[in-house]
Amino acid sequence: MITAAQAFLDQFDHDQSRLPGATLPWLRHARGVARDRFARQGLPTPHLESWKYTPLRLPVFVHAADVPQVIPSPGQPPVQSPEAYACRFINGGLVSWPNDLPDGVTIAALSTHPELAASSLQRDDVRAMAALNGALWRDGLIIRLEPGVVLATPITLTFVTLPGFTAVAWHLRLVIELGDGAKATVVEHHIGQHGSGSAATLANSVADITLGSGAILRHYQSQHAPETAWHIASSTVRVGDCASYEGFLLSCGAGMARDDVQVSLDGGDATCRLAGVTMLRGHRHSDATLAVDHHFARGTSRQVFKSVIDDDGHAVFQGRIVVHPGAIKTDGQQMSRALLLSERAAIDAKPELEIHADDVKCGHGSTVGALDDDALFYLRARGIKLEAARALLIEAFLADALEEISDATVRDQFLAQITHWLADRS
């Protein structure tokens, strides 16, 4: 019987002449290198330390582009600012993007303009799922801001999953490049149509982000894909001198979700703030695996992640801070806290610090607990119903993670999604 890994390799061998950029020698070579790396590694297994808590038992998929859409588009995407520069994907295919852009801003389809992201597409990522993406990507987006450009209007990316009767996969690539002193906000919404009887879907995406000296990127992601979805996102972020990256992950949907974020602080006084909220019920599984590498002096990094797990849900938090030789006066802090709402709920948390320099300030911690019975009794004694009391305590528990979102509009949007999750017991 053919395996999922072999099916991906066969797909590449069959389709390589039809993939975007097939006539470009450099891109054809890059795809071949990525294909060979994936062939050597295969799909990740729990024998890999970084996949220890997340078994990846994928079915055999066909590419979404080879299967006609049989389910109509779901309703409107999450509420967003009407003035936002909006891009929309359906099952990995880019269907709309803005054309009326300010000077110095480029938003273009990667499938038709791969030359705009040549340096990114030729990087050899050692992660197996990123290598698979490097071989098989068919669509994506490049967002580029020239030096000094400040984009006050957010860029919103809506990724819609439409499950059908055949297991389909897509491999999507996002390239974000901010020149020196540029500033932008990018908001991602991963949504889809929920329903029984649908086949599995796999969204295997890669984001390659580069920030020049003094650049600022606020990058917020919410994921509420169907329970039949596998959502795997691999990100690489390079932060230059005095630049700042602020990332937030809200995960409360897919049956299996994994966000693998690797940040490299490649200049002095660089800053990285990573935060997130995971909310699980049913048999859902969500994995947040993060690594921040401090390479230069006076770098600052923060990781604040909160998990709320109900029923048989299983969350994973793997956070790592590495302070390399010479990265003096580094300030790296990390915290993971989980709230278990049932006896069957579980989390595996593994915070790590690796320090190879003196004169640093670093710390990490992890806690797991249940709702405070005394606080619950206090609220109920004042006439608040049980579910409302639980929701109030959970929102209070998540509050400091949400405060890491500096954009007030996005913070309110994400809080509304959390409130909806708490009210929806399906």
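Reply: Here are the terms, one at a time. This is a predicted model, where local features need pLDDT of at least 70, side-chain atom pairs count only at pLDDT 80 or more, and totals for chains, interfaces and linings use all residues. Residues are numbered from 1 along each chain as its sequence is written, and side-chain values use heavy atoms, with hydrogens and water left out.

Me: Why is S307 called buried?
Reply: Buried means under 20% relative accessible area, exposed over 50%, and partly exposed in between (1.4 Å probe, protein chains only). S307 has 6% relative accessibility, so S307 counts as buried.

Me: What makes V126 exposed?
Reply: Its relative accessible area is 53%, so V126 is exposed. V126 sits in the loop between α3 (118-121) and α4 (128-136). Helices (H or I, at least four residues) and strands (E, at least two) are DSSP runs, numbered from the N terminus.

Me: Which residues does V126 touch, leaving out those up to four places away in sequence?
Reply: R37 and Q41. Contact means heavy atoms within 4.5 Å. The C-alpha atoms of V126 and R37 are 7.6 Å apart, though 89 residues separate the two along the chain.

Me: And S307, what is in contact with that residue beyond four places in sequence?
Reply: T278, A315, R337, A338, L339, I347 and F397. S307 itself belongs to strand β16.

Me: Where does α6 bend?
Reply: At A396, by about 25°. The bend is the angle between axes fitted to the seven residues ending there and the seven starting there.

Me: What makes a space a cavity and not a pocket?
Reply: On a 1 Å grid over the protein atoms alone, a cavity is a set of points where a 1.4 Å probe fits but cannot get out. A pocket is an open set with protein on both sides within 12 Å along at least five of seven lines. Lining residues have an atom within 4 Å of a point. Grid points are joined across faces, edges and corners, and a volume is the space filled by probe spheres set on the points.

Me: How many cavities of 30 Å³ or more does a search of the whole structure find?
Reply: Eight. The largest cavity holds about 250 Å³. Its lining has 26 residues, and β11 gives the largest share, six.

Me: How much space lies in the largest pocket?
Reply: About 340 Å³. Among its 19 lining residues, S50, R258, D260, Q262 and T289 are the closest to its centre.
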